[in-house]
Structures are given as C-alpha cells and as structure tokens.
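This note sets out points on the model for a colleague's review. Please read them beside the sequence and the coordinates.

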Amino acid sequence: MHRRLAIFAYSRSFHFPTTRVTGTLLYTPAAGPLNQKSFALAVCRLLSYTPPHHRRPPDPDDPSNLMREDGVSVCSQMWIENFREPDKTVTNLTSYLRRFELWVLAYQKVCADEIGTYVPRSAIQRSALEDLLVLRNAVLDGRFKWGARLDFFIKSPKDKTDYASLSKRKIKAILTTTQPAAFQDKIVQEVLFLILEPVYESRFSQKSFAFRPGRTAHTVLRVIRRSFAGYLWYLKGDLSTVLDGMKDSFVIGALMRDVRDKKIVDLVKSALTTPVIKTAVEPPKKKTKRKHQKKRVLAEDEPKPDPYWLDTFFGFAPEEAEKQPSWGHCGILSPLLANICLDELDRWVEGKIKDYYSPSKSDVIWNIPEGEAEQGNTSWPEFVPTSGPDKTRKMDYVRYGGHILIGVRGPRADAATLRKQLVEFVDQKYMLKLDNDSLPIEHITKGIMFLDHVLCRRVVYPTLRYTATGGKIISEKGVGTLLSVTASLKQCIKQFRKLQFLKGDRDPDPQPCFRMFHATQAHTNAQMNKFLSTMVEWYRYADNRKKIVNFCSYILRGSLAKLYAAKYKLRSRAKVYKIGARNLSRPLKEKKGSSPEYHNLLRMGLVESIDGLQYTRMSLVPETDYSPFPNNWRPDHEKALLEFISLDDPQRLEDQRSLISEQGLISPQDYISMLVWNYKRNALPMDHQLSIASTVSNIEKEQTLLSGTEDQASTEHMEHV
C-alpha cells in the first residue's frame, strides 16, 4: 500500500506532456482509472521516456561532411569543362581549390610516393583528415608559407620527429641545409597540378610531347616516321637552358593569359619567389675503406629503392630527356609551367608552317594539308616518290621538352631564313642567345640524331602497278625515297660505357657488373631479363631493332659471364658457357659431397629456378613495329573526352534527327519499333490465316490421296479383266 502511494505521488509530481505516454492511456474521464498492473507498467514506461532529439545542422568543419563526391569524378568534371570550351579564360578556379575531395586525392597520391603503397580513402585516419582540412583552410586564408622547415599543418605518415624537443644544433642544421620538399608543400603542389593541368592540356599545341599525359618519346618517333617523309633540311635546336629557370614575371604573365584567378596565381607566384635554401657544394671527400659496414635496414613504411634493371635503364635515357625542370618550390608544377612558357614558341612555329605551305599538283603530297582527306599511299607514309622540279614546299615541327626539330621540304635558303627568324624570336621572348652552331641546318643524307635514333633516307625502286586507260594494268619500276628511323649503335655503346658495362670503342669488350656480385644467379638473370625486355620495348620502332637488341644481349651476357667467372672462380667466359649453357640457365655453383642433382632439388622446391637470358640469338628478337599511325593523332584520353562532349551535346542529337527526316531515312530505333508494332497488330490475324491455310492444304492432300487410290483400283480391275 505504501509502495503504491509512493509511486502515485511520484507520478503526480511528474509533468505529463500528453494524456498518452508511449501508447498507454493513464487516465480518461470515460474509462476511469486503470488497474494496478497497467498503472505500474505505464509509470515504468513514463520513467524511461525521453523527449525527442532535435538534429543539429551538419558541421562545416567536419571532414566527413565535406567529401560529397569522389575526387576522380571532380577531376573528370574539370577535364570535360575545359575541353568543351578550350579558348575560354578561366576565372573561377578557387571553387575547385575549396573542394576537399581534391585535397584527399592529392594526399593519397603524395602518400603513395612517400611510403610506396596506395592508401584507400577509407583507410585515412581521422587525425590526418583534420590536419588536411587545416592545411586547406590555411591555403585559402593566405596563412600557408612555402618551404616551412619547423611549422607544419600536416606531417608525413613516416615522419616521427618531435620538433619541439630538437636541440639548437639540429634546428640550425634543418634551417640552413638543403632539405627535401615538405610533405604539405607536395600536397599543395599536387592540388594545383590537378586544377591547372586540364586547363592547359586543352590549349597546348599538338606539336609538343614532353611532360604531358599520353605523349611519350615513342609518340615523337612515330610522328616523325609518319609526317616527316620527304623533308630534306632539318633544324635542331637545344632550348634546354630555358628549363633551368625563367624570370618570375614572364612565367606569371604566361600563366595569366588563360588563368585569371587571383588565389591560384598568387600561390604559384609565391612558390616561384620564395627563396630555396641550398647548401653550398663542397668538394667530395676521399672515401676510406671500412673493415665492416653494416647493411641499412629499411623501415616498414619506407619505399624500396629502384631495382638494378630499372636503375640501369635510366642510365640509357636520351640526352633530350635528361633534364627535368625544377623551379623554386613548384615541384611537379615545374614541367607544366615550362610547357606553358614554351607554348608561345609552338604557336609561332605553327603559324610559320601554315604560311610556308605551298602545294604543287604535280607532287604526290600536295593535297595533304591539315584538315583535308589524306591521299597517296597511307599504308606506307614514309615512302615519297620523286617528282619533277616543281615540288611542294612544306614544313613540320616537333618539340620534346627543350629540344626542337624542324623539317623543311624546300631549298636550303628557306631553312636559313627560318633559322634567322627563330633566333630573333627566342632572343625577344625568352632572352636566350642562339647562334648558328646551336641551330645547325643538316641534310637528311648525313643522318639526324634525335632521341637516340638516326633519321636517314634511302633510295628505293619499288614496282608500281596501276590501271591505265582501257583497263590495262601497267607494271613499271618507280623510284622514291624512304624515311628510315634507325637506332644509333654509337649512342648505345656510349651509354653502356657510361654504365661501365664495356670498354673500348672499335671492339667493345664487356666488363663484369660487380654491383650484382652478392646476388644469386637466379636473381641476377631475372634482373638482366627485365632490362633486356625494357630495351626491346624502347627500340620497338627502330628499323634495326633486331641488330641493336642482339648487341645489347651480347654485352649483358658477356658481362654476366665475366661476373660468374670471377664469383665462382671459373677463370674464363668459355668455362662459364660450358657449365651454364649459352643462356646461363644452368647452375654454376660447385657441388658439395653427394648432393642431388639440380633438377631434383628444383622438383622438391629446395632451390630457385634459374631463367636463362632472353634474346641470345637474333632470330628471337621481335620484328620492328610498323603499325600505321594516323596523321592527326591524339591520345586515347583526349579522343574519349572529345567524343563524350560531342555525344553529350543536345544540339548534335537534334541535327541528326533533322538530317534523318530530311533524307527520308529511318533510325534503327524507329525501325525496331515499327517491326514490333506490325507484329502486335498482325500477329492474331496472321495466325488465324495460317491455321485456315494449313486446314485447306490438309483437305486437298486427303482428296488427292483418295482420288489416287480410286484410280489405282480401277486400273488394276481393267488389267485383271
């Protein structure tokens, strides 16, 4: 009784918001008070009742609320917008700078370079996202400073340094010596690159090929093979000193021709003008031999160094690709800015190409201007038949980084005039003094070296077959020139000598590659096989691909044979080849005691399988790739973009529909719908007609059978009589 009163008193003191609590009625005038059990249950539900929770508005500073889209989709949107209107001046890039999705994407790319593994967006820690958001806000508010050494908004995942506890000596060393770019600087550079690259890729000339996606040295060689046939005089220019740096005002002026966003321009300007602290270059100290040097163990999150085969191949990089621009704190933005500055040169030369073009109807290539249909032998574009004295005057141009190549089909005086104009333009625009020695004019018969390949001309006499008047087929010998793109054996020997794989000029002698001395035979062979495969791909479009790759294989095989001879004390290469075979696939390690044979150990999984060296014979080297190359070539991503923009245009669909209606054609969709409608309309009557026809045919067949049997019976009766 007292407990009931206590509960009742507690319920009286509580404020009921309504007469119903969680679906149970406590008291109604019509029904009266509830019983004891129901009342106690209602009070328990009342005590557990909580007022409704009002949702708070989303926090604008919460990183999870800012990632509404995927960063790749935001980049795709920027590429589509810029390729849809390539000539429009861009003024609203700050809106993309605010997009947190781009910052997360930049963080993922920089982390992949830092630790060597890709970090999915779901695996990024909450603290890293918060620091990344602080960095973005600092860039937008103008509080970000390039080249900070001690104050960071965000740190690298592998940077465990506690800068607050560093000694004065270490702090002074950090502030006065050369240091790699800070992690946050790389992120800001990556974001700017993601924003600016689509803007300028839609505007760049089709004649430039370095530091651009989808355009490689192979593309340059294929363009030369396709478009430079018939050119007699060549100008080679080296403007690589421009890549060392330019005046900040000129770079900003070139950038502002198409981008008028103050925030972006100020960021790039501050990256160019902020001084970079560099340590003075000291003379190299004499190395002292150590008795024992402990191997350095890599950390778990530290990327592994390049393998030996890749490091070796980088030594074969052509001189046109050796120099990479690095301007101030721009980092990966430097190659893009270099192309922006050199784009004016590309446009100037394109104007000269257009003005110089003078067609001749008696020449086979007179009607191949840009934009018109191709004629002539397009399957063999490097062949140019000889014609009369009146030839087409034509010019073409390619640029790979700071190196340019201009081909002229015409007299040498025209090439000399062009060289004079080019020297004046470069002097005025880039403040770079060029002379005749730095811009030589060379004839095709001497061989033009470009990207470690030699461009030369061969005279050929093919059999020409054509149909004359009256349908008679005439076969006669023709004469013409063939453009040949050949790998330079001299340059290949020079690169091998630089890497200490051989010595001697006239008779190259392989030298042992002692850097692989402590590696196993299986690992060494695998490294050299990867290197050879890379060389085969590099010389893919060379006319002498088989010869040059066979020479590389000979040098590497001899180098390994000398290494194994020194390592296993076999005295000579001949002894190594006798034990290990021509391709060095057999084990060279000495047998100890009564150990089982190598193939038994291999079957049991106790030893490594040794792959023999590839391309030990010239017949094993693949043929040269002569696949046709289109005249107005574009990379695959650009073709996909232009096709998407064309199909996405609603006006294109309306034009196609009006064209179909004017010509009286039927689209495939209309034709299918017409077939379906006719089938639905005529399906039942046709089935009924088919059933009637089948019934009539069956009756006629029965009647003919009956008549046939009656005639046969009467005939038999007459014969019997």
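Where is the place of threonine 524? Threonine 524 is placed in helix 17, and helices (H or I, at least four residues) and strands (E, at least two) are DSSP runs numbered from the N terminus.

1. Basis of the note. The model is predicted: local features need pLDDT of at least 70, side-chain atom pairs count only at pLDDT 80 or more, and totals for chains, interfaces and linings use all residues. Residues are numbered from 1 along each chain as its sequence is written, and side-chain values use heavy atoms, with hydrogens and water left out.

2. The chain as a whole. The secondary structure of the protein chain comes to 23 helices and 16 strands. Of its 721 residues, 40% count as buried; buried means under 20% relative accessible area, exposed over 50% and partly exposed in between, with a 1.4 Å probe and protein chains only. Contact means heavy atoms within 4.5 Å. Among the contacts in the protein chain with a separation of 6 or more, 75% are accounted for by residues 24 or more positions apart.

3. The 18 residues of helix 17 (residues 521-538) should span 26 Å at 1.5 Å a residue, and the end C-alpha atoms are 26 Å apart, which agrees; the expected span of a helix is 1.5 Å times one less than its number of residues. Helix 17 is mostly covered, with 13 of its 18 residues buried. Threonine 524 counts as buried because its relative accessibility is 0%. Not counting residues up to four places away in sequence, threonine 524 touches Met516, Ala519, Leu560, Leu563 and Tyr564.

4. Helix 4. Helix 4 (residues 71-84) has 14 residues. From first to last C-alpha it reaches 20 Å, close to the 20 Å expected at 1.5 Å a residue. Its buried residues are Gly71, Val74, Cys75, Met78, Trp79, Ile80, Asn82 and Phe83. The buried residues of helix 4 pack against helix 5 (94-97), helix 6 (100-115), helix 9 (183-201) and helix 21 (636-648).

5. Helix 4 against helix 6. Two packed helices are described by the angle between their axes and the distance between the axes. The axes of helix 4 and helix 6 come within 8 Å and cross at roughly 110°; axes are lines fitted to C-alpha atoms, for helices over the stretch in contact, and angles run from 0 to 180 degrees between N-to-C directions. Helix 4 and helix 6 are therefore roughly perpendicular to each other, where angles under 35 degrees count as roughly parallel, over 145 as roughly antiparallel, 65 to 115 as roughly perpendicular and the rest as oblique. Helix 4 passes helix 6 in a left-handed crossing, that is, one with the near helix turned anticlockwise from the far one by less than a right angle, right-handed being clockwise. Gly71, Val72, Val74, Cys75 and Met78 in helix 4 meet Glu101, Leu102 and Leu105 in helix 6. The residues of this contact divide into six nonpolar, one polar and one charged; Ala, Val, Leu, Ile, Met, Phe, Trp, Tyr, Cys and Pro count as nonpolar, Asp, Glu, Lys and Arg as charged, and the others, Gly among them, as polar.

6. Glutamate 101. This residue of helix 6 counts as buried because its relative accessibility is 2%. Leaving aside residues up to four places away in sequence, glutamate 101 touches Leu66, Met67, Arg68, Glu69, Asp70, Gly71 and Val74.

7. Helix 9 against helix 14. Helix 9 and helix 14 (residues 333-356) pack at an angle of about 30°, with their axes 10 Å apart. That angle makes helix 9 roughly parallel to helix 14. The crossing of helix 9 and helix 14 is left-handed. Helix 9 contributes Gln189, Leu192, Phe193, Leu196, Glu197 and Tyr200 to the contact, and helix 14 contributes Leu333, Leu336 and Ile340. These residues divide into seven nonpolar, one polar and one charged.

8. Isoleucine 353. Isoleucine 353 lies in helix 14 and, at 15% relative accessibility, counts as buried. Isoleucine 353 and valine 408 are 55 residues apart in sequence and 9.4 Å apart in space, C-alpha to C-alpha. Isoleucine 353 touches Met395, Asp396 and Tyr397, not counting residues up to four places away in sequence.

9. Two leucines with positive phi. Leucine 451 has phi near 55°, a positive value in a residue other than glycine. Its place is in the loop between strand 10 (448-450) and strand 11 (453-460), and leucine 451 is buried, with a relative accessible area of 0%. Phi of leucine 584 is near 60°, a positive value in a residue other than glycine. Leucine 584 is in the loop between helix 19 (573-580) and helix 20 (598-604) and is buried, at a relative accessible area of 0%.
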